[in-house]
Amino acid sequence: MKLLLWQKIILVFFLGILAPLLINLFLIQNIFVSILVGILTIIVSSFLVFNFLKPLHNLVTASENLGDGNFNQRMDIRSGDEFENIGTSFNLMVDKISHTFQNLEKEKDAAVSEKSKLDEVLSSIIDGIIAIDFNKNIILVNKAAEEITGFTNAQLHDQSIDKLIHLFDGQEEILPKTYCQTDFRRNAKLVGKDGKQTKVNLATAKVGATIQTSLSCILILHDLSKEEALEQMKLDFVSMVSHELKTPLTSIVGYLSVFASENKEKLPKEEMDLIDRSFISAQELLGLVQNILNVNKIESSQMSVSIEPLDYSQVLTKAMDDLKGQANQKNIILNLKLDQPLPKVLADPSRTSEVVTNLVANAINYTDPGGKVEVTTTVSPNELTTIVSDTGVGIPQEAIPHLFNKFFRVSNQTQKASKGTGLGLYIAKSIVDKMRGKIWVESEVGKGSKFMFTLPISTLSSGIVDSSKFASDEILAGALNY
């Protein structure tokens, strides 16, 4: 029969204290025997106390081992009392702690693995990534962001972004309260360590922040400097090649023109036809090279437009005269309709002639033999509108929004045999835009097209252009860099 703890305590108290005391008082009269009984009582009491409290000592020892991280610690107490219950509870607790610790270790390993993957992904991204928290402190950067800003991860971590990294749109600084309020995208100049400047495309994403992550905003920095350098190299190469081609082509066109004019009465018709075809092909090739040069100037901001009061009727008349031969070859009626004397416009003479020639030549090219191309004008108080209409094949509606894009060509069955590089309309729009005009098109497949553009009317006051008609001082200066 096993005793409970309270029963053992009473037994120890009785056997160790009360029983010897009673024996000494009532039964033993010899002092020596009394001392001996006392010693035996102490020994018996100590043994009983040690034996009864040994499970408690084991429990304390096991608890200390558990505190040191020994989760394999278990207790084997079979005393049949409360100590055995405590030991059983202790073992259950250790099992739960061990299981929880194992789960935490697995989660820790998984978190470390995911962090390693994230670090690898971030380091492989060529765009700079910066993550900031509620207080605009930097909590994450990748390698590309370090290269763009000039700061290391250690220098950026936990630092306020507006103290180390500054972003500018022109002269105005873009602050975190602006680019982190909503999704934001804009080209900007980034000023980083030691004043290092980099042109970037800044894109931000506002994150649904939580208290656990404290993540508030992510910045994506796309470095534009390398792209701009590559683009400049491409423009320089195209410019060099085009200039090198233009010089011999100009000579070829000139020599063929002189040869044809001097020998048109001397050579047989068949040979003159070959000369004429060579002359036309050389002119087309020279025109292509000139278009490439113009596009290159537009994209490198080198094309100049000289604005002056211009007799526009002369420009129209000359352009129509130059294109009569092309229209006659296709048996197309080419008509210039001017119902009233035209006011002078503010435009560049050569660039305006280029626009008119391009639009009329396109109309002739896309009009079937026997058709008609007509140029008309309308005048309003502030601008003059030129309308180039044809009875040609027309343009699909889905193509019209892209018509003035560089290298865009309409592709459909009616125009599959058309020639061109898709540069003429792009150049025409660039010129018209720079002269403060507008250009657009109305067309329907099978019913022809109307290309229209506007030019500002010149207002003269004592021989000086009225500045109130224009918002740009550069126009008044007479030349604009495009």
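**View A. Helix 10 against helix 11.** The axes of helix 10 (residues 312-329) and helix 11 (residues 349-365) come within 9 Å, with a crossing angle of roughly 35°. Axes are lines fitted to C-alpha atoms, for helices over the stretch in contact, and angles run from 0 to 180 degrees between N-to-C directions. The model is predicted: local features need pLDDT of at least 70 and side-chain atom pairs count only at pLDDT 80 or more, while totals for chains, interfaces and linings use all residues. Residues are numbered from 1 along each chain as its sequence is written, and side-chain values use heavy atoms, with hydrogens and water left out. Helices (H or I, at least four residues) and strands (E, at least two) are DSSP runs numbered from the N terminus. The crossing of helix 10 and helix 11 is right-handed, meaning that the near helix is turned clockwise from the far one by less than a right angle. Tyr312, Val315, Leu316, Ala319, Met320, Leu323, Gln326 and Ala327 of helix 10 meet Thr352, Ser353, Val356, Thr357, Val360, Ala361 and Ile364 of helix 11, where contact means heavy atoms within 4.5 Å. By class, this contact of helix 10 with helix 11 holds 11 nonpolar, 4 polar and no charged residues. Ala, Val, Leu, Ile, Met, Phe, Trp, Tyr, Cys and Pro count as nonpolar, Asp, Glu, Lys and Arg as charged, and the others, Gly among them, as polar.

**View B. Strand 12 and its partners.** Strand 12 (residues 372-379) runs parallel to strand 10 (residues 333-337), joined by 5 bridges. Two strands pair if DSSP finds at least two bridges between them. With strand 13 (residues 383-390), strand 12 pairs in the antiparallel sense over 7 bridges. Strand 12 and strand 13 form a hairpin, with 3 residues between them. Val373 of strand 12 stands opposite Leu334, and its bridge partner in strand 13 is Asp390.

View C. Strand 1 (residues 128-133) and strand 7 are antiparallel and joined by 6 bridges. Gly128 stands opposite Leu221 in strand 7.

**View D. The second largest pocket.** This pocket holds about 220 Å³ of space. On a 1 Å grid over the protein atoms alone, a pocket is an open set of points with protein on both sides within 12 Å along at least five of seven lines, a cavity is a set where a 1.4 Å probe fits but cannot get out, and lining residues have an atom within 4 Å of a point. Its lining consists of Ile126, Asp127, Ala144, Glu147, Ile148, Lys196, Thr198, His222, Asp223, Lys226 and Glu227. Helix 4 (143-149), strand 7 (215-223) and helix 8 (225-263) each supply at least two of the lining residues, and helix 4 gives the most, with 3. The lining has 3 nonpolar, 2 polar and 6 charged residues.

**View E. The largest cavity.** A search of the whole structure finds 1 cavity of 30 Å³ or more. The largest cavity is lined by Asp162, Ile165, His166, Leu167, Glu173, Ile174, Leu175, Pro176 and Tyr179. Strand 3 (166-169), strand 4 (172-174) and helix 7 (176-179) are the elements that give two or more residues to this lining. Its classes are 6 nonpolar, 1 polar and 2 charged.

Definitions and conventions. Points joined across faces, edges and corners; volume = space filled by probe spheres on them.
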